[in-house]
Amino acid sequence: SPGRAITIIGCVLAIAVAIGFWERLAFHQGWSHFFFERLPAYDLGAGNVSLSTRGGQVRSQVAAQFALEYGWVLAMLFPLAVLAAIRWARRRGGARLALLLPLLTGIAIVFSGSRGPEVAAVVASLLFVLLAGGRTLAKWGIGAAVVGVIVLIANPTFVSTAFTAAGDPASVRLDRLPPLFALVVHRPFVGLGFNSLASTFGGLDNGYAMVYATLGMLGVLAWLGLIVTSLATVARTITAPRGSNLRMTGAACMVGIVAVAVGMANYDVVNTPQSSWALIFLAALGVAVAQRVPCPEQAPRRWVARSLLPLGGVVAGAVLLVASPVRASESLSVFTISPAVSASQGVGSGYILVDTLCPLITNADVVAPQAKVTCLRGQNIFPSDYTGVALVTVSAPTAAAVRQEVNRAFGPLTGRIPVFGGPTGTIQTGRPAWAVTAPLSGGVAGMVAMLLVPPLAGRRKRQRLAGVFALAGGA
């Protein structure tokens, strides 16, 4: 039953929170240390690993692959933690101690040292209160706000440490996307396959980009279809009375699924088992609860008119394809320092030379008006590269303009540093991948709308008015 499932997930969350607190107090040893400390030394390497730190504080990880996943999974299941605490608090005896579960879960999210989950937990709580309604949740929301204000006043750095202790990696993550899309541009529909990125990209930290690179636009549409159909099915629970168990459970599952969709843009959800199982649990529980809510009466669907939606999506995508500009581009690898020198003198020299070269060739004062030049550290994109490698991409409306811009940027450097590409490199010409796949995306979006969008309420009202007039005329 849904009640038993909530009880189970509440117990699992309580155990995960307790382990997270223990890891914080243990300072550097993860939960696996408890299981591996009695094994011989040669068996410790795989399981007994030290926890990562941020701002001098240990980041709780528990059984997740990394601390960010632990924080996001707790944020996804945070509304269910509130619901489990409410159910347990209604019992007699010392069950009211269960009211501490959401508070301790929030502290465990902070202990993960991750910025995204902390914000997601607050937003999830607000959405949960708005969707579920009821006086009980309103009291919970007010109480949580008061506790949060008190914590911020007493110790402002408790929450802000994760936001200020480390440099923002968002820029590095965004820099990885253009080289990735350049690899997939010739296979936008089916992607590169599961093993094509293992030896190149160290980590994308973006689940949507990962799915697109491996499975193409078909994989992205399949993932979005899973999220949309799950939300559309669970949304039926919102028609239940405000504050009821069915509505609160359905709202908790809806908010959790939305958190999965948002977290997908912050880390590789599809490659982390705990996140995938959290989505499976939320979707399954939400669908089970939705089946207990009576389906409201709906007007009959006009399938002939609805069948035009996929066709309209394909036409709109075709228009975008035709309207998208055709551009040419070339990718170059520039060795600012010999690999042997880079290996012997460490990473500093290579980074300094790359950081000196990039501003010179990307200066907006010398780049042609319609051309674009990007320059990045190669090791930020491909971890196996030498530190002195710079990845340069030159794009322009025509191949001749690209060749001219390449000669402008690297002409003075010819014969001084190795440039792979340059005047003899291959120039790619075509439309962007999003435009090539626009007809498919539009058709799928139209099909989803055809199947999931309910009939308009105005049509039911017109049918009722027509019935009233018919009865009046018969009288």
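Select Leu97, Leu100, Leu103, Leu104, Val147 and Val151: in this predicted model they make a nonpolar surface patch of about 480 Å². Two elements give two or more residues to the patch, helix H6 (100-111) and helix H8 (135-154). H6 gives the most, with three residues. Within H6, pick leucine 103. Its relative accessible area is 39%, so leucine 103 counts as partly exposed.

Next, select helix H1, residues 2-26. How far apart are its end C-alpha atoms? They are 36 Å apart, which agrees with the 36 Å that 25 residues should span at 1.5 Å a residue. Then colour the buried residues of H1: Pro2, Gly3, Ala5, Ile6, Ile9, Gly10, Leu13, Ala16, Val17, Gly20, Glu23 and Arg24. Residues three or four places apart in an α-helix point the same way, because there are 3.6 residues a turn. To see what covers the buried residues of H1, show strand E2 (57-58), helix H4 (67-76), helix H5 (78-89), H6, helix H12 (245-263) and helix H13 (273-290), which are included in that cover.

Now go to the cysteines. The structure holds one disulfide, formed by cysteine 358 and cysteine 375, with their sulfur atoms 2.0 Å apart. Cysteine 358 lies in helix H17 (residues 348-361) and cysteine 375 in strand E4 (residues 372-377), 17 residues apart. Both cysteine 358 and cysteine 375 are buried. The torsion about their S-S bond is about -55°, so the disulfide is left-handed.

Finish with two further cysteines. Cysteine 11 is partly exposed, at 39% relative accessible area, whereas cysteine 253 is buried, at 0%.

How values were computed
Residues are numbered from 1 along each chain as its sequence is written. This is a predicted model: local features need pLDDT of at least 70, side-chain atom pairs count only at pLDDT 80 or more; totals for chains, interfaces and linings use all residues. Side-chain values use heavy atoms; hydrogens and water are left out. Patches are made of residues with over 30% relative accessible area and no salt bridge: like charges are joined within 9 Å, nonpolar side chains (Val, Leu, Ile, Met, Phe, Trp, Tyr) within 5 Å. Accessible areas come from the Shrake-Rupley method with a 1.4 Å probe; for residues, only the protein chains shown count as cover. A salt bridge is a side-chain nitrogen of Lys or Arg within 4 Å of a carboxyl oxygen of Asp or Glu. Helices (H or I, at least four residues) and strands (E, at least two) are DSSP runs, numbered from the N terminus. Buried means under 20% relative accessible area, exposed over 50%, partly exposed in between (1.4 Å probe, protein chains only). The expected span of a helix is 1.5 Å times one less than its number of residues. Contact means heavy atoms within 4.5 Å. A disulfide is a pair of cysteine sulfur atoms within 2.5 Å.
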